[in-house]
Amino acid sequence: MPHGKRKAKSEKSKLAKLAKLQKKKDTPKAAPKIFTKWLMKSEPESRIENGVEMKFSFDDLKKEPNETTCWDGVRNYQARNFMRDQMKVGQSAFYYHSNCKEPGIVGITEIVKEGYVDHTQFDSKDPHFDKSSSKEDPKWIMVDVKYVRKLKRFISLKELKQIHLEHKTNGGPLEKLSLFTRARLSVQPLTEDEFKFILQLEEKDPDEELKEEKS
């Protein structure tokens, strides 16, 4: 191919790429989805990290003064953003026992204080210490949560996964549940429909519920 044609083709390709980039830049970003319900994970079994006990069960929360505690130690940016930008006083969250023999949802908490600076990021003795963060420009925040009540029965991860898989196949409110689509997050968003569906499970026998889902 003559050099002049190659050059013209190259210039045309560059202009097409620039136009595509400009179009992408000019396209308005979709507004972030707003959530008002949550699932928050904590460890109910003893585990020592850097000399610090990491265990904090739902029963431990109930023993706290005013049955309230700060939810510190979140070190994932997406989870932090949910806490910082969307968690509001009065919202409900499921309390989820993780990293244990039988993970699952045990109870309900309420957000009673919105995002503020997490002090553990500055404590070199704390397992969640972050040397890259400063008091002038802190990276991490926490909220306060209050014990509301235990569920009438424990809702296991196994049960939720079976329902999730059934809903993925046949449609249903748990087909995109964050517990399986954003599994690594310790603070996960729930839609109103997801929260309501999970909550009504406490009234049902788990075996009967799975039979209904498959029928």
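The following conversation goes through a predicted model of a protein chain.

Colleague: What is the mean pLDDT of the protein chain?
Modeller: The mean pLDDT, the predictor's confidence in each residue from 0 to 100, is 90, and 82% of the residues reach 70 or more. Over residues 1–7, however, the pLDDT is below 50. Beyond near neighbours in sequence, that stretch has 1 contact (heavy atoms within 4.5 Å) in the model.

Colleague: Which rules apply to the numbering and the values?
Modeller: Residues are numbered from 1 along each chain as its sequence is written, and side-chain values use heavy atoms, leaving out hydrogens and water. As the model is predicted, local features need pLDDT of at least 70 and side-chain atom pairs count only at pLDDT 80 or more, while totals for chains, interfaces and linings use all residues.

Colleague: How many helices and strands are there?
Modeller: The chain has 7 helices and 8 strands. These are DSSP runs numbered from the N terminus: helices are H or I with at least four residues, and strands are E with at least two.

Colleague: Which residue caps the N-terminal end of helix 3?
Modeller: Asn76 does, with a side-chain oxygen 2.9 Å from the backbone nitrogen of Gln78.

Colleague: Moving to helix 4, which residues are buried there?
Modeller: Glu159, Leu160, Ile163, His164, Glu166 and His167 are buried in helix 4. They cover an arc of only 165° around the axis, which puts them on the same side of the helix. On the other side, Lys158, Lys168 and Thr169 are exposed.

Colleague: What comes just after helix 4?
Modeller: Gly171 follows, with a positive phi of about 90°.

Colleague: One last topic: where does Ser98 lie?
Modeller: Ser98 is in the loop between strand 5 (92–97) and strand 6. Its relative accessibility is 14%, so Ser98 counts as buried.

Colleague: What does Ser98 touch?
Modeller: Leaving aside residues up to four places away in sequence, Ser98 touches Lys41, Ser42, Glu43, Pro44 and Pro103.

How values were computed: A polar contact is a pair of N or O atoms within 3.5 Å; within protein, one must be able to donate a hydrogen and the other to accept it, and residues adjacent in sequence count only if both atoms are side-chain atoms. Buried means under 20% relative accessible area, exposed over 50%, partly exposed in between (1.4 Å probe, protein chains only). The arc is that of the directions from the helix axis to the C-beta atoms.
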